[in-house]
Amino acid sequence: MMRSLFLAILAAPFLIIADDFVFEPNYDESKIPAYTLPDVLEGVKTAAEWPEKRTKWYSLIAREMFGEKTEAMLATKTTMAPAAPDKAILGGKGVLKQIVVKLAGEDINVALFLPKSAAEKPVPVFLGYNFAGNHAVFDDPDIILPSSWMMKRKDRTASEEDRGASASRWAVERIINGGFGLVTAYYGDVDPDFHDEFANGVHGELGQPENHEAASIATWSWALSRILDVLTDSIPEVDGEKVAVMGHSRLGKTSLWAGASDERFALVISNNSGCGGAALSRRAIGETVWRITDSFPHWFCGNFLRYANKEGEMPFDNHTLLALIAPRPLYVASAEEDTWADPKGEFLSCLHASPVYKLLGTKGLPATEMPAVNTPVQGQIGYHMRTGKHDVTDYDWEQYLKFATANLVP
Ligand code: GCU
């Protein structure tokens, strides 16, 4: 209730001008407002001093952008149960395992695509949410359909028709051939992606957040950590110390916050996460803080609305979000035609997070200029901008596998 009132007051000026207000995104570099980025190190000179500064940035970003974990979240117990017998896939090269993670009254279906070798030796895995159900990730008749609200379907119900529909975004065979597993869940099983004043999904049990408390992105991120608990404690085929958290777009914003919030994630990947993710907010090019909070009021905590059209007043920017992942390997990927997500702003964020990586004794980002398209740079921070549009492609996975192999496989 308090949160809705607060949102209504903040939104009021926009509502008044709404009749003749047409949002025209800026795509012109020359129209970017002059800005000064907060210095991520703020005088920190040694690695030993960084943890205190990190805590400062983490607390700020939690309170002002994604929302802090609530007491109810911290008190929640996670349990799991097998959901189906293990099944050989890809002509016996791989195994499909399905479990249900029970969290705050919700059943989250988790599908694991593992190389056969995982039975003998635990494997590193990518953990990432999908947008359209586990059955859309890989075409197999036994993958369980979600029973939760489906964003991608007109009737909001999962359908057999969608088996394998998103397979081009998930290089399951390539991942398995590379000796990795893929663990995925539908994010709507945790919290359906529409604004309902935080009534459904896990919020049914957790309750409505206050303005400084976890909104949807932070809730999805928190649930990734609970899935990680289950992988670590109950799935011997997975090497819990080698879990790379990965996400695309809004789910890339989610993977960044999951990686920042839980240092057990050994590697973090943001695919085209853009505004509220890897991109610098102060550039206000493509999607802006006003636009994203207006279109998706449930993603960020109520406090974030303070910075709508006032990016310069943010006491942080998203390079400080990326720096929270240091010194763990971080990969940020952009797409050339995805100007809405501001590829250059995503690169600059990596560049300005890099001093922390270097202070902590790693190579950081091995570039000072934005690399040409399809020319990945990979240090402890990896970055590429591929040709094409907002998507996850085989090209992206090829780079993630190379990066994860270099960093997670001895
Ligand atoms: C919209 C939104 C982006 C988001 C994207 C997605 O385009 O404006 O911020 O990343 O949806 O998640 O697909």
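Let's start with R283: at 2% relative accessibility, this residue counts as buried. Buried means under 20% relative accessible area, exposed means over 50%, and partly exposed is in between, with a 1.4 Å probe and protein chains only.

A word on the source. This is a predicted model, where local features need pLDDT of at least 70, side-chain atom pairs count only at pLDDT 80 or more, and totals for chains, interfaces and linings use all residues. Residues are numbered from 1 along each chain as its sequence is written, and side-chain values use heavy atoms, with hydrogens and water left out.

Back to R283. What does its side chain meet in a salt bridge? The partner is D342, at 2.8 Å from N to O. A salt bridge here is a side-chain nitrogen of Lys or Arg within 4 Å of a carboxyl oxygen of Asp or Glu. R283 sits in the loop between strand 7 and helix 9 (289-295), and D342 in the loop between strand 8 and helix 11 (343-359), so the pair ties together parts 59 residues apart in sequence. Helices (H or I, at least four residues) and strands (E, at least two) are DSSP runs, numbered from the N terminus. D342 is buried too, with a relative accessible area of 6%. The pair belongs to a network of salt bridges that links E29, R283, D342 and K344.

Across the whole structure, a search finds 26 salt bridges. Another one joins K97 and E237, with the closest N and O atoms 3.1 Å apart. K97 is in strand 2 (residues 94-103), E237 is in the loop between helix 7 (216-234) and strand 6, and they are 140 residues apart. K97 is buried at 14% relative accessibility, and E237 is buried at 15%. Now take D28 and K31, whose closest N and O atoms are 3.8 Å apart. D28 is partly exposed at 29%, while K31 is exposed at 59%.

Next, strand 7. Why is strand 7 (residues 267-271) largely enclosed by the rest of the structure? Because 5 of its 5 residues are buried. L267, I269 and N271 cover one side, V268 and S270 the other.

Which strands pair with it? Strand 6 (residues 238-248) runs parallel to strand 7, joined by 5 bridges. Two strands pair if DSSP finds at least two bridges between them. A244 has L267 as its bridge partner in strand 7. Strand 8 (residues 330-335) also pairs with strand 7 in the parallel sense, over 4 bridges. There, S270 stands opposite V332.
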